Amino acid sequence: MAIEVVPLPLPPSADASKFADFGREVKGVKPGELTPEELEEIKELLYKHDALLFRDVDFTPEQQYALTKAFDPSSENYGHGNNKTGETKKSILHPDLKTIPRVPQVQLIGNGTVYNHEGLAEAKLKHPHHKTFHKTAISDEDEEKGATRFYRWHIDAALYDLNPPKVTTLYGLNVPQGTKQVCRYDDGTGDELTVPLGTTAFVSGKTTFDILPPELKSLAVRSKVKYAPHPYVWMAPAHAKSTGLGIETEGLEEALSELPPWEESRLKVLPILWKNPVTGNLHFQVHPCGVMELLVDPLPEGANKEGALYPEGTHITNLGEVRDILYKMQRPAIAPPLVYPHDWHERDLVLFHNRGVLHTVVGAFKPDQVRAFHQCNLAASDEPVGPSPEDVKKWA
Ligand SMILES: [Fe+2]
């Protein structure tokens, strides 16, 4: 049977014109048993559409690891490395991840207590809640009425030493049913988005770039961000913005001298824009919570300097300033019409282009709402590719 693709069902909140290329449901193949030809087709579809959905899938952890690895055959380790080491114990990701013993690259994530699951006698899972991370929180009363927030917009990546994974696979085994929630931005805009309970929300990094005004496109194409050492340990004491898109600047980050041992040479300095290996499009890919510094190249020779930001280039180390600039560039992209909130069904498999989208956990579950997902991504064998000289010439 030939592979068939259909657009993802968009919610009424979405601006369909911005999702013409984003997301496809794939029918007619079993993702655990792809032939080499089918695999090539799926790879191309993923880079073209950034998120692929397969429904009613049977998928073992071994098959999940194999499919994830197929996107980057020489990758091997989970995207965050071995999360059981003492080094990252203080990391804010620590409580969210439980490893499948047989296939340690696959993580069990979700909510509530899961018993006798793939070799785990008992796993206590906790859906991350914004009140543990944001500076402000929704009141219990409003939460009771269904109000919620984006938890943390991110790329799946360690952002220290390891390279950002190319693809993440998410397989929903237990999906609690419940009424829709209203995701509030609480940033003074009045923005809000109705979402399915426990959705995973996605935005396109390509759209993030496409909608920027020319002066910010020019800045983006010339810039790199430098991530903190052990960013998830560094950010752990700090509080996030109410939109989940970055950290409030309060000086709460762990001091660099207090972090687990780190080396300058292992820090990640990555371009803001990552080039899609199939389409050549530029995707704005920044994990705003982990960024420490911004490095801007000067305008290329012959570029129009009028209205240009930092025409001579700059290196910004003031954390507040760095965050303000990134927020200005990224906030437009999480506006309600640009968010795809996936409505999970049991046995859904979603593959997403981790170098082409940002995503976040959303919503809140009660302890008795048991949710179990398998997640896999692998630290990549190479760094993302930034803009080409032609791209810089075109956009700077
Ligand atoms: Fe993630």
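Tutor: Asp161 counts as partly exposed, because it has 15 C-beta neighbours inside 10 Å. The cut-offs are these: buried means 20 or more other C-beta atoms within 10 Å of the residue's own, exposed means 12 or fewer, and partly exposed lies in between, with C-beta atoms placed from the backbone. The model is predicted: local features need pLDDT of at least 70, side-chain atom pairs count only at pLDDT 80 or more, and totals for chains, interfaces and linings use all residues. Residue numbers start from 1 along each chain as its sequence is written.

Asp161 sits in the loop between strand 7 (147-148) and strand 8. Helices (H or I, at least four residues) and strands (E, at least two) are DSSP runs, numbered from the N terminus. Lys98 is 63 residues from Asp161 along the chain, and their C-alpha atoms are 22 Å apart.

Now follow the strands on either side of that loop. Two strands pair if DSSP finds at least two bridges between them. Strand 9 (residues 181-184) runs antiparallel to strand 10, joined by four bridges. In that pair, Gln181 faces Val195 of strand 10.

Strand 8 (residues 167-174) leads elsewhere. Its antiparallel pairing with strand 21 covers six bridges. Thr169 has Cys376 of strand 21 as its bridge partner. Strand 5 (residues 103-117) is also antiparallel to strand 21, again over six bridges. There, Leu108 stands opposite His374.

How covered is strand 21? Seven of the seven residues in strand 21 (residues 371-377) are buried. Both faces are covered. Arg371, Phe373, Gln375 and Asn377 make up one side; Ala372, His374 and Cys376 make up the other.

Strand 5 also holds Asn116. Most residues other than glycine have a negative phi. Asn116 has a positive phi of about 45°. It counts as exposed, because it has 9 C-beta neighbours inside 10 Å. His230 also has a positive phi, near 40°. It lies in the loop between strand 12 (223-227) and helix 6 (231-234). His230 is buried, because 26 other C-beta atoms lie within 10 Å.

Strand 11 (residues 200-204) joins strand 18 through three bridges. Ala201 has Pro341 as its bridge partner there.

Finally, the whole chain. It has eight helices and 21 strands. The radius of gyration is 20 Å, close to the 21 Å of the globule rule for 396 residues, so the chain is as compact as a globular protein of that length. That radius is taken over C-alpha atoms, and the rule is 2.2 Å times the number of residues to the power 0.38. Of the 396 residues, 45% count as buried. Among contacts between residues at least 6 apart in sequence, 77% join residues at least 24 apart (a contact needs C-beta atoms, placed from the backbone, within 7 Å).

Methods. Contact = placed C-beta atoms within 7 Å.
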